[in-house]
Amino acid sequence: MSRRKKTYTDYEIIKNIAKILVLHRVWNGLSQTNIAKDLNVSFQQVQKYEKCMNEISWGKGVNLCMKRKWDSTLFQSNKPESILDEWTKDTNQMDPESSPYPLRISQIIERWKTIDRVGKDNYYRKHHFTKGD
């Protein structure tokens, strides 16, 4: 049985999952090593998930959510930006000097920019097809 060819739509899904993983990890002040231990993988593997070089399996994502008590339906979202907007509503009134959230929000946005910048090339390189396919 042959495997289904990867498509641009697959990349968009993987990119959104990577962004949501970054969102959860950074928002909760966790390192890639913390996530790696929960997933029983190396921290390098978590880096690859976050750079769209490798796909995180649905089962691993659900298990991570169960261990961390995160809402697993968020990984089904195709709008990670709207999740961040929702989460930040209450932080706008917080004092930036005493709250970790303004820094975390900027870290999330910077990591998302990296995903947008390098994720597509990483994904296409991994799956051996050109952007026009």
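Analyst: **Helix 3 and beyond**

Helices here are DSSP runs of H or I with at least four residues, strands are E runs of at least two, and both are numbered from the N terminus. Bear in mind that this is a predicted model, where local features need pLDDT of at least 70, side-chain atom pairs need 80 or more, and totals for chains, interfaces and linings use all residues. Residues are numbered from 1 along each chain as its sequence is written, and side-chain values use heavy atoms, without hydrogens or water.

Helix 3 itself covers residues 43–50, and Q45, V46, Y49 and E50 are buried in it (under 20% relative accessible area with a 1.4 Å probe, protein chains only). Looking down the axis of helix 3, these buried residues fall within an arc of 140 degrees (taken from the directions from axis to C-beta atoms), so they line one face. An α-helix has 3.6 residues a turn, so residues three or four places apart point the same way.

Stepping out, the protein chain has six helices and zero strands, and 38% of its 133 residues are buried. Helix 2 (residues 32–39) and helix 4 (residues 58–68) have axes, fitted to C-alpha atoms over the stretch in contact, that come within 9 Å and cross at roughly 110 degrees. That makes helix 2 and helix 4 roughly perpendicular (65 to 115 degrees). N34, I35, D38 and L39 of helix 2 meet K60, L64, K67 and R68 of helix 4, with heavy atoms within 4.5 Å.

Key
Axes are lines fitted to C-alpha atoms, for helices over the stretch in contact, and angles run from 0 to 180 degrees between N-to-C directions. Angles under 35 degrees count as roughly parallel, over 145 as roughly antiparallel, 65 to 115 as roughly perpendicular and the rest as oblique. Buried means under 20% relative accessible area, exposed over 50%, partly exposed in between (1.4 Å probe, protein chains only).
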